[in-house]
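This report looks at a few links inside one protein chain. Have the sequence and the 3D view ready before reading on.

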Amino acid sequence: QVQLVESGGGLVQAGGSLRLSCAASGRIFSTYALGWFRQAPGKEREFVARISWNSGVTNYADAVKGRFTISREFAKKTMYLQMNSLKPEDTAVYYCAASDTAQAMARYAVDYWGKGTLVTVSS
């Protein structure tokens with residue numbers, strides 16, 4: 001199985017930046033997609049960004065395009081989410097996620113979840 005551990009959450013002022021990390025253990029196959037979802041208070045979990053492990057092709061939710069950047073390092077089996085120009089509406093628990101294929105994650109069919117890390121953006 002794949003285990004995912006997020007880190008980097010915290011409190012930041014609106015307009016500030018934060019970088020989240022997701023460290024993976026276990027076997028990461030080339031076809032996997034890794035990504036981020038978030039869940040704000042009173043809302044359902046929503047897709048934020050994903051990256052194909054092999055190709056590096058990325059996809060972003062409209063709400064974060066131009067502000068967030070997803071990346072990964074093969075050697076460290078680690079994925080990052082660089083969040084810039086943060087807004088109060090970005091406040092949520094952010095979850096690292098992995099799917100067997102990019103197509104699966106595009107369908108929100110997530111195979112592995114991290115425990116989540118809280119990001120709070122103050123006004």
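## The disulfide

In this predicted model, Cys-22 and Cys-96 are joined by a disulfide, with the two sulfur atoms 1.8 Å apart. The structure holds 1 disulfide. Because Cys-22 sits in strand β3 and Cys-96 in strand β9, the bond ties together parts of the chain that are 74 residues apart in sequence.

The torsion about the S-S bond is about -75°, so this disulfide is left-handed. Are the two cysteines buried or exposed? Cys-22 has a relative accessible area of 0% and is buried. Cys-96 is also at 0% and counts as buried.

## The nonpolar core

As a general point, nonpolar side chains tend to be buried together in soluble globular proteins. Here the largest nonpolar core has 38 residues. Trp-36, Leu-81, Met-83 and Tyr-94 have the most contacts inside this core. Several elements each supply at least two of its residues, among them β3, β4, β5, β7 and β8, as well as the helix α1. The largest share, 5 residues, comes from β9.

Leu-81 shows what such contacts look like. Beyond its neighbours within four places in sequence, Leu-81 is in contact with residues including Leu-18, Leu-20, Val-48, Phe-68 and Ile-70. Trp-36 and Tyr-94 are also in contact with Leu-81.

## Arg-38 and its partners

Arg-38 lies in strand β4, which covers residues 33-39. Its relative accessible area is 6%, so Arg-38 is buried. Its side chain makes a polar contact of 2.9 Å with the side chain of Tyr-94.

Arg-38 also takes part in salt bridges. Side chains of opposite charge can pair when their charged atoms come close. Glu-46 is partly exposed, with a relative accessible area of 37%. Arg-38 forms another salt bridge with Asp-90, where the closest N and O atoms are 2.9 Å apart. This pair links strand β4 to the loop between β8 and β9, and its members are 52 residues apart. Asp-90, like Arg-38, is buried.

## The salt-bridge network

Which residue besides Arg-38 meets Asp-90 in a salt bridge? It is Arg-67, with an N to O distance of 2.7 Å. Arg-67 is in the loop between β6 and β7, 23 residues from Asp-90. Both Asp-90 and Arg-67 are buried.

Through shared partners, salt bridges join Arg-38, Glu-46, Arg-67 and Asp-90 into one network. The count for the structure comes to 4 salt bridges.

Methods: Residues are numbered from 1 along each chain as its sequence is written. This is a predicted model: local features need pLDDT of at least 70, side-chain atom pairs count only at pLDDT 80 or more; totals for chains, interfaces and linings use all residues. Side-chain values use heavy atoms; hydrogens and water are left out. Helices (H or I, at least four residues) and strands (E, at least two) are DSSP runs, numbered from the N terminus. Buried means under 20% relative accessible area, exposed over 50%, partly exposed in between (1.4 Å probe, protein chains only). A polar contact is a pair of N or O atoms within 3.5 Å; within protein, one must be able to donate a hydrogen and the other to accept it, and residues adjacent in sequence count only if both atoms are side-chain atoms. A nonpolar core is a set of buried Ala, Val, Leu, Ile, Met, Phe, Trp, Tyr and Cys residues joined through side-chain atoms within 4.5 Å. Contact means heavy atoms within 4.5 Å. A disulfide is a pair of cysteine sulfur atoms within 2.5 Å. A salt bridge is a side-chain nitrogen of Lys or Arg within 4 Å of a carboxyl oxygen of Asp or Glu.
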